[in-house]
Every structure is written in structure tokens, then in C-alpha cells.
2 protein chains.
Amino acid sequence: MSSDATMRAAVMHGHGGPEQLVVHDDWPRPVPGDGQVLVQVRAAAVNNTDLWTRQGAYGSASDPDAVAGWLGVPIEVPRIQGADVCGVVVDGPPELVGRRVLVDPGTYASDDVDAIPVAVMGSEYDGGFAEFVAVDASAVYDVSASPLSDEQLACLPIAYGTAMGMLERAEVAAKETIVVTGASGGVGLALVQLAAARLATVIAVCSSSASSTVLAAGATAVVERDRVDDVTAAIVDAAGRPADVVADVVGGPGFGAVLASLREQGRLVIAGAIGGPVVQIDLRPLYLRQLRLIGSTMHTRAHFATLVAAANAGTIAPIVAATFPLESIHEAQTAFSTSRAPGKLVLVA
Amino acid sequence: MSSDATMRAAVMHGHGGPEQLVVHDDWPRPVPGDGQVLVQVRAAAVNNTDLWTRQGAYGSASDPDAVAGWLGVPIEVPRIQGADVCGVVVDGPPELVGRRVLVDPGTYASDDVDAIPVAVMGSEYDGGFAEFVAVDASAVYDVSASPLSDEQLACLPIAYGTAMGMLERAEVAAKETIVVTGASGGVGLALVQLAAARLATVIAVCSSSASSTVLAAGATAVVERDRVDDVTAAIVDAAGRPADVVADVVGGPGFGAVLASLREQGRLVIAGAIGGPVVQIDLRPLYLRQLRLIGSTMHTRAHFATLVAAANAGTIAPIVAATFPLESIHEAQTAFSTSRAPGKLVLVA
């Protein structure tokens with residue numbers, strides 16, 4: 001039991017293994033600064049970013065093997081991670097207190113709604129793997145009216161925000177065919193749901209064990225990468241023609257095969273490389289077929305507002321694979337690293 | 001001496017070495033079809049495309065090492081190459097006969113001025129390494145009024161057309177900083193001239209022997225790749241900040257270094273890979289820094305019309321390194337492959 005001045009928190013004390021992450025019962029409770037609110041965390045989802053940041057696996061511009069956070073420099077410690085937060089405002093302007101909110105984890109380069117994020121909650125400042133988090137009042141969005149559960153809402157900011165950013169930056173339109181790699185992952189399932197919602201034809205690449213989940217999420221067809229020899233041919237066969245867009249979060253040895261599934265002037269948008277970041281590409285098809293590779297990270301304020309509207313309307317249905325209490329964060333991260341079950345893992349108060 | 005029914009022509013008889021290219025004095029003179037004109041060739045420039053197509057070095061989508069032309073399939077032989085033609089109309093509509101013309105080497109996917117080329121003169125149909133060539137009347141542009149010489153005009157269609165396509169597709173704007181690789185090559189010098197003409201700051205990467213030519217063409221600064229250890233640092237130092245755009249025709253081992261010179265949300269447009277087509281890239285900076293890679297091939301009708309206007313206004317000044325008579329095409333191609341002298345080689349009547 002923590003006093004009013006303290007709280008339970010999972011604190012990262014340095015870059016490294018799980019031993020760098022320690023659950024404290026008496027960590028100082030944050031005090032909101034000017035323009036900030038205090039949010040009591042109800043649910044916080046686990047992301048790759050948490051593990052990679054702790055491991056320092058992002059490299060830097062000059063040295064891909066350097067130990068660094070996502071901005072290419074080591075992050076300051078001690079740090080409370082957790083970018084995906086659904087909670088209730090317990091201190092702040094009266095009109096916000098008591099509201100259930102979703103926290104935008106981005107801090108932006110400017111006030112422009114299209115500005116890119118320059119800092120992320122849980123990396124550059126403390127996040128939601130704790131009982132309380134202090135954030136800018138402008139970062140909280142009222143989701144009291146959403147039919148989604150706290151746990152489902154906590155799935156949205158990073159995974160669905162990233163997916164929304166990818167679809168918007170690739171300008172995916174109705175009736176276009178989009179290939180989604182890693183379709184049973186957090187961003188993958190979000191891509192399938194959001195692309196289907198904009199009436200695109202979704203060809204999902206996933207393992208055969210995840211097919212039914214991915215189809216239920218809205219995929220038109222699946223390519224089971226453990227059951228086909230030629231992924232390129234299987235995609236084109238499933239789509240009936242080469243794809244307009246590839247949304248990739250996998251990279252790795254299969255990168256060339258998905259790139260080859262694009263039609264002339266097709267676009268590939270990439271927001272991750274869980275299958276391996278360093279790939280060989282043949283530049284000839286890139287220029288001869290006039291392809292475009294679009295790098296995408298997270299979302300903008302405009303994307304996030306669109307996402308909140310969808311959450312309140314209930315037009316998306318995030319899948320929660322399992323929940324864990326905060327003190328079981330190590331167990332949750334181990335499950336996250338090893339589980340093949342589709343859906344997100346969420347820490348709950 | 002050829003009769004009225006024949007002409008001198010350099011004919012490619014198959015994919016392979018120089019022996020596949022034979023100069024005939026009695027090759028059948030083309031007869032213009034419906035909607036075509038007959039052009040007497042005054043000057044025809046030599047391009048990489050001529051050599052690569054003859055060598056079949058483009059590979060195919062399924063096999064990068066396959067012997068194929070630029071469309072990924074072997075081209076039909078016998079074939080007269082030569083995509084860069086300045087000549088005089090000698091048969092066709094009265095308003096065109098006698099006019100000096102530049103031939104658009106593209107045949108397009110549709111009538112749209114933004115349509116992409118689907119066939120190229122000298123590859124899919126006979127080109128200008130001959131005394132005469134028959135082309136669609138819609139492909140000839142009157143350049144009688146241009147202050148440029150026939151030889152200078154023959155430098156434009158492929159090299160300046162490709163450069164114009166790159167700048168337009170990357171949306172290069174005034175005051176932006178653009179890095180041009182291979183800046184002393186045909187496309188490279190065109191990029192420098194055209195980018196400088198739109199008031200961009202041009203950082204040119206070239207060998208020290210070409211520096212003075214490249215600076216005279218309009219580069220703001222040069223990075224001499226034989227004299228600097230760290231090309232990325234040298235570019236950023238010369239520009240005073242990371243670059244907005246990289247226009248690359250080199251690829252190869254230096255690809256990563258120029259890619260790393262881009263600012264966040266920068267774009268790299270690529271239209272060739274003379275330094276090697278298969279490269280390793282790290283996907284992490286691509287997505288974390290939200291870069292874009294834009295594949296570009298040739299030009300559209302809209303780009304070509306803009307180029308012709310510049311030619312007639314005399315605002316560009318192509319550099320002719322040397323001229324050769326048509327019968328010396330082997331010597332010209334050998335010089336093209338081995339010469340380090342900036343400027344284009346042109347075959348003349």
C-alpha cells in the first residue's frame with residue numbers, strides 16, 4: 001500500500017536486461033506541473049518499444065550497433081516506461097477531473113496538427129507502468145463515451161496510432177489492395193482493422209496459426225508464410241493483381257518478397273523491422289518500376305484525433321490477449337516476447 | 001553511299017558484347033507509318049542505356065541476373081539503338097517538314113501528360129543510331145529556334161528528361177538543399193543545371209578531377225569523393241545542415257552515406273545505380289527519421305515539354321565532350337565506358 005506521496009511503479013534503471021526493470025511500491029508520485037493533469041492509470045499496454053528501449057536496441061545514426069533509445073541516444077534513468085495509457089483524470093481542470101481519457105504519447109515538434117513527434121511518453125518522460133502519470137492537459141482525449149473497455153482503449157495509442165500514420169502517409173484509398181505483414185502483431189492487426197474500415201482489400205501475411213484471428217479482424221485473404229514457398233506469387237494470386245501498397249513492420253529476409261508484390265508505381269510504407277533491420281535491396285526494380293518507400297514513425301495529432309473518434313464511435317475492436325497486474329510486468333514482457341497469441345498484453349491497476 | 005531505299009545504321013543483332021553491334025551501309029531506310037514522320041538524324045547521344053540494353057544487364061523481376069532489357073524481357077533484334085535524337089523532318093505533314101526537332105523517346109501508357117513511359121525508342125522500336133528514324137508525329141518537338149547546337153540538343157532527352165523527372169517527383173523547391181551524386185555524369189550534370197535553375201542549393205558529389213566542370217554547371221559546393229573520408233559529414237558540412245533531398249544515380253557501396261546526409265523527413269530520389277544495384281540498407285533510420293525513397297524512371301510528356309521550353313529559351317547548356325561519326329560507334333562506346341571527361345558523347349551525321 002502506497003501513501004498519497006508515493007505509488008507503485010515499474011522503474012527502468014538503465015539499458016540492459018530484465019534486471020534493469022524493478023517494481024517499487026514507494027516510488028514518488030508525480031506532481032503535475034503547469035498545464036498538466038494527473039492521470040490514475042487503469043490500463044497500460046506492453047509494446048516492442050518498451051523492450052527495445054530498455055535493451056538500447058535502436059542504434060544510432062553513426063553506429064547501428066550502439067546502445068541507444070529510439071532517438072539514437074541513451075535515455076535518462078530512472079525512467080518509468082509505458083506509452084499506452086487509459087486512465088482517469090484525478091487532478092487538473094475541473095472539466096477534466098473524473099473523465100476517462102486516452103493519453104496521446106507524443107510530444108510534437110510544433111503546434112501544427114501535422115507536426116511529427118519528437119519525444120514519447122515512457123522514453124523521454126515518465127509513462128504509464130505505474131499507478132499515476134502526469135501529462136500535458138492537451139495530451140488527454142476524453143473517451144468516457146467509448147463502448148471499448150479500458151484494456152481495449154490502452155491498445156490504441158502506439159499500435160493503432162502507428163497504423164493510422166502508415167495508412168495516411170501511404171494515402172491508402174478505398175478499393176486499393178494493401179498487403180499487411182506481421183498481420184497478427186499489434187500494429188499488424190491495427191492495420192488490418194483500419195485498412196478494412198477504409199474499404200481497402202487487405203491481403204494479410206501471417207502464420208497459419210493466426211489466420212482465423214486475422215481474417216476475423218477484416219482481412220480479405222491471408223498468405224500463410226509457413227505454408228507457401230513463394231510469398232510474392234501467393235500475394236499476387238490472392239489479390240488477383242499486384243498490390244497497390246505494402247504496409248510492413250517486419251523487414252528482414254522477407255522484405256524483398258513483399259516489395260516484389262507491388263505494382264508499378266506502388267508504395268511500401270514501413271514503420272518497423274522486427275524481422276531484422278538490415279536488408280539487401282535491388283535498386284533496379286525500385287527505379288525502373290517507380291516504387292516508393294515511405295518511412296513512418298508513430299502518428300501526428302491529426303491522426304490521433306481520428307483514432308479517438310473511431311474509439312468513441314466503436315468502429316474498431318482491439319484484441320486483448322491477456323491482462324497482468326503491474327507487479328507482474330516481467331511475466332508480461334516475457335509473455336510478449338514468446339507468445340504467438342494474437343492481441344495485445346495489457347497491465348491493469 | 002546508300003540509295004534512297006537504304007541507309008547507314010548501327011544495328012544490334014543480339015544481347016552481348018560489342019560484336020553484336022554492326023554498322024551497315026545498306027540497311028533498309030524506315031518508311032513512316034500512319035501518323036508518323038521521317039526524321040533525318042543530325043545528332044544522337046550515347047547513353048548507359050544503350051550499353052546496358054545490349055549487354056542485357058537489367059535483370060528481371062524474378063531473377064536479377066537474367067539477361068534482359070530495361071522492361072525485364074529480352075528485346076527484339078535486329079534493333080537500331082539510340083534514344084537521344086536531334087534531326088530534321090524530311091517526310092510528314094507540310095508544317096513539320098524542314099523543322100529541326102527533338103524527339104521524345106518515350107511511348108506512354110495513356111494520353112495523360114503525366115502517364116509513365118512503357119516503351120523507349122532504341123529499345124522497343126528503332127532509334128537514332130542511323131541516318132534516318134521514323135517516329136510518331138506527336139513525339140517530335142520543334143527546336144528550330146533554340147540557340148543550342150544539334151549536338152547539345154541531342155544531349156537532352158534521356159539525361160535531362162531523367163533529371164527533370166527526378167526533380168519533379170521529389171518536388172524539389174527553391175532554397176532546398178539537394179545532393180547530386182555522380183554529378184559529372186550525363187544525368188548528374190543535368191541535375192546540377194536544372195536544380196540550380198530552380199534556385200536550389202546544389203551539393204555535388206564527384207571526383208576531384210570533375211570539380212571545376214561541376215561548379216561551372218551551377219553547383220554551390222562539391223564533395224570530392226576521392227578526397228574525403230566521410231562523405232556524409234562532408235555533405236552536411238558543405239550544406240551547413242542535413243540535406244532536404246538526395247538525387248542519386250549511383251547506388252552502390254556509397255548509398256548508405258548519401259542516405260545518411262538527409263534531414264528528418266528528407267527524400268532520396270533514385271533513377272540509376274551505376275555504382276552497383278544491390279545495396280544493404282538499415283531500415284531503422286528509414287522509418288525512425290521518416291525518410292522517403294522515390295524510384296524514378298525517365299520523364300512524362302509534361303516534363304519533356306518543360307525541357308523543350310528550356311531548350312528553346314536557352315536556359316540550359318548541355319556539355320558535349322566529344323563527337324564521333326556514326327561509323328565510329330564502337331569507338332564512341334569505348335570512350336563512353338572509359339572516359340572520365342564530363343559531358344556527353346554525341347554521334348553526328
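Two strands are taken to pair if DSSP finds at least two bridges between them, and by that rule strand β1 (residues 6–12) of chain A pairs with β4(A) in the antiparallel sense, over two bridges. The model described here is a predicted one, and every value below was computed from it. Chain A and chain B meet with 36 residues of chain A in contact with 36 residues of chain B, and chain A can be laid on chain B with an RMSD of 0.0 Å.

**How the two copies are related**

- Two copies of a chain are related by a rotation about an axis and a shift along it.

**The interface between chain A and chain B**

- The size of an interface is often given as the accessible area lost when the parts come together.
- For chain A and chain B the buried area is about 3,500 Å², and carbon and sulfur atoms give 58% of that area.
- The rule for polar contacts finds 15 residue pairs across the interface of chain A and chain B, counting pairs with both residues at pLDDT 80 or more, whereas the count of salt bridges between the two chains is zero.
- On the side of chain A that touches chain B, the elements giving two or more residues are the strands β15 (262–270), β16 (278–282) and β17 (292–295), together with the helix α8 (283–288).
- Sorted by class, that side of chain A has 20 nonpolar residues, 11 polar residues and five charged residues.
- Strand pairing also crosses from one chain to the other, in that β17(A) and strand β17 (residues 292–295) of chain B run antiparallel and are joined by three bridges; within this pairing, Ile294(A) has Arg292(B) as its bridge partner.

**The three-stranded sheet in each chain**

- In chain A, three strands form an open sheet in the order β2-β1-β4, with antiparallel pairing, and its edge strands are β2 (21–28) and β4 of chain A, each of which pairs on one side only.
- Between β1 and β4 of chain A, where two bridges are found, Met12(A) has Arg79(A) as its bridge partner.
- In chain B, an open sheet of three strands likewise has the order β2-β1-β4 and antiparallel pairing; β2 (21–28) and β4 (79–80) of chain B stand at its edges with a single partner strand each, so one side of each is left without a neighbour in the sheet.
- Strand β1 (residues 6–12) of chain B is joined to β4(B) by two bridges and runs antiparallel to it, and here Val11(B) has Ile80(B) as its bridge partner.

**Backbone features to inspect**

- Most residues other than glycine have a negative phi, and most peptide bonds are trans.
- The peptide bond from Val77(A) to Pro78(A) is cis, with omega near -5°, and Pro78(A) lies in the loop between α1 (48–55) and β4 (79–80) of chain A.
- In chain B, the bond from Val77(B) to Pro78(B) is cis, with omega near -5°, and Pro78(B) is placed in the loop between α1 (48–55) and β4 of chain B.
- Met298(A), a residue other than glycine, has a positive phi near 55°, and Met298(A) is found in the loop between β17 and α9 (301–313) of chain A.

Terms used:
Residues are numbered from 1 along each chain as its sequence is written. Chains are lettered from A and ligands numbered from 1 in the order in which they are written. This is a predicted model: local features need pLDDT of at least 70, side-chain atom pairs count only at pLDDT 80 or more; totals for chains, interfaces and linings use all residues. Side-chain values use heavy atoms; hydrogens and water are left out. Copies are superposed by least squares on the C-alpha atoms of residues with pLDDT of at least 70 in both. Helices (H or I, at least four residues) and strands (E, at least two) are DSSP runs, numbered from the N terminus. Contact means heavy atoms within 4.5 Å. Buried area is the accessible area (1.4 Å probe) that two parts lose on being put together, summed over both. A salt bridge is a side-chain nitrogen of Lys or Arg within 4 Å of a carboxyl oxygen of Asp or Glu. A polar contact is a pair of N or O atoms within 3.5 Å; within protein, one must be able to donate a hydrogen and the other to accept it, and residues adjacent in sequence count only if both atoms are side-chain atoms. Ala, Val, Leu, Ile, Met, Phe, Trp, Tyr, Cys and Pro count as nonpolar, Asp, Glu, Lys and Arg as charged, and the others, Gly among them, as polar.
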